[in-house]
Amino acid sequence: MTHLPSPPSPGGAEPGRPSPSGYTRKPRVAVVFGGRSSEHGVSVVTAASLLRAIDRDKYDVLPIGITAEGRWALTADEPERMGIADRKMPTVEQVADHEGAVVLPVDPGNREVVYTEAGAVPKALGEVDVVFPLLHGPYGEDGTLQGLLELSGVPYVGAGVLASAIGMDKEYMKRVFTSFGLAVGPYTVIRPRDWDRDRGAARDRVLAFAATHGWPLFVKPARGGSSFGISKVEGPEGLDAAIAEARRHDPKVVVEALLRGREIECGVLEFEDGPRASLPAEIPPVTAHAFYDFEAKYIDSAEGIVPAPLTPEQTAEVQRLAVAAFEAASCEGLVRADFFLLDSGEFVINEINTMPGFTPISMYPRMWQESGVGYPELVDRLIQAALRRSTGLR
């Protein structure tokens, strides 16, 4: 066990906002990671990269991990313990330093984090000026954590409550995009009530969808990421197993038609004068996998092509569409927008990710690296944007 972190001390190279005592100090960044979703390990890996990159001369850092059960835990500031080992993802439990819990007061006038442990007096850990929420998936990237931070009055990096919820729910994301004139691929949805009331009717609706759009289909959890729970289904015989697998992660399921074309991604970053798009990337076909699944992304580290080999006109168009998707969903801070470039030449948006993978080899940082914004600068820009932004209605 290590000692509990001390509150930030006065002074520092970079003045922060005035504290209740009147002195200025370095802004304190709480890096929050882990969480209750199936993307827990991905979040831990992302946090390790960010902890290495954040400028310690400019920011005071407080790492907080959320365990798979939902406990907010103080963790060691030791990113070397937070990597993939023997093809296994890390967990918050591996770096949690204490058995107690971290509490963020739900009081806009008090940003002081408190550590509690059974049988001990609660210990104040000092104020937090901004939260960098590196959680992926439900219970963190879907607006739930953002809502807590809004109630607490603590600024945070990235999308707000509404945009986070839209970005997590593939059905409503598509509905928003369509309403703003962005092209999406054919899809149908199996809601929990549909499945509970009449599984046969729900299955028949998917079969009718396949009769119109053809096989294969992609069956996905509606609110998930990192390709967990996704199946490529070649025919009716594989449908039940694919739905069951998706429902292991989310009772709501989205079924999408295959789009034949190239997979193109584009990053969006909010600058002082508004959002700008990065150079796009291309995800080439992964021959060792049925599609760009979890193992291809994180275990085997399939390489994307940055920048994507597109014409200048295609590059400009996908950048325009990425910013349009950012604006349509009312995003803030950052987004990775994923598209298909169809054989017809049309770009169709697949989805946005409001907190994309953030390791140096992840596509979002790589696209910005090629666009002239290196990883440490990217982290700094996101923190500074969050510090400038107030919580509440905006």
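1. Contact here means heavy atoms within 4.5 Å. In this predicted model, helix 7, residues 239-249, lies across strand 8, strand 9, strand 10 and strand 11. The helix runs at about 25° to strand 9.

2. The sheet under discussion is open, has four strands in the order 8-11-9-10, and pairs antiparallel. Strand 8 (187-190) and strand 10 (231-233) are its edge strands, each pairing on one side only. With direction ignored, neighbouring strands of this sheet are turned by 25° against each other on average. In general, strands of a sheet pair through backbone hydrogen bonds, in parallel or antiparallel fashion.

3. How many bridges join strand 8 to strand 11? There are four, and the two strands run antiparallel, with strand 11 covering residues 253-257. For I190, the bridge partner in strand 11 is V253.

4. The largest nonpolar core comprises 33 residues. Those with the most contacts inside it are V31, F33, F132, F358, V379 and I383. At least two residues of this core come from each of strand 1 (28-34), helix 1 (40-53), strand 7 (130-133), strand 12 (261-271), helix 10 (363-370) and helix 11 (375-388). Nonpolar side chains tend to be buried together in soluble globular proteins.

5. Helix 1 is mostly covered, with 13 of its 14 residues buried. Its length can be checked against its residue count: at 1.5 Å a residue, the 14 residues should span 20 Å, and the end C-alpha atoms are 20 Å apart, so the two agree.

6. The structure holds zero disulfides. C266 is in none, and the nearest cysteine sulfur, that of C331, is 13 Å away. C266 counts as buried because its relative accessibility is 0%.

7. One joins W215 and P216, with omega about 0°. P216 has its place in the loop between helix 6 (199-213) and strand 9 (217-221). Another cis peptide bond joins V306 and P307, where omega is about -5°. P307 is found in the loop between helix 8 (294-299) and helix 9 (312-328).

8. Positive phi values also deserve a comment. Most residues other than glycine have a negative phi, and most peptide bonds are trans. Y139 is not a glycine, yet its phi is positive, at about 65°. This tyrosine is found in the loop between strand 7 and helix 2 (144-152). Is Y139 buried, partly exposed or exposed? With a relative accessible area of 43%, Y139 is partly exposed.

9. S330 likewise has a positive phi, of about 60°, although it is not a glycine. The loop that holds S330 lies between helix 9 and strand 15 (334-342). S330 is partly exposed, with a relative accessible area of 43%, because that value falls between the limits of 20% for buried and 50% for exposed.

How values were computed: Residues are numbered from 1 along each chain as its sequence is written. This is a predicted model: local features need pLDDT of at least 70, side-chain atom pairs count only at pLDDT 80 or more; totals for chains, interfaces and linings use all residues. Side-chain values use heavy atoms; hydrogens and water are left out. A nonpolar core is a set of buried Ala, Val, Leu, Ile, Met, Phe, Trp, Tyr and Cys residues joined through side-chain atoms within 4.5 Å. Buried means under 20% relative accessible area, exposed over 50%, partly exposed in between (1.4 Å probe, protein chains only). A disulfide is a pair of cysteine sulfur atoms within 2.5 Å. The expected span of a helix is 1.5 Å times one less than its number of residues. Two strands pair if DSSP finds at least two bridges between them. Axes are lines fitted to C-alpha atoms, for helices over the stretch in contact, and angles run from 0 to 180 degrees between N-to-C directions.
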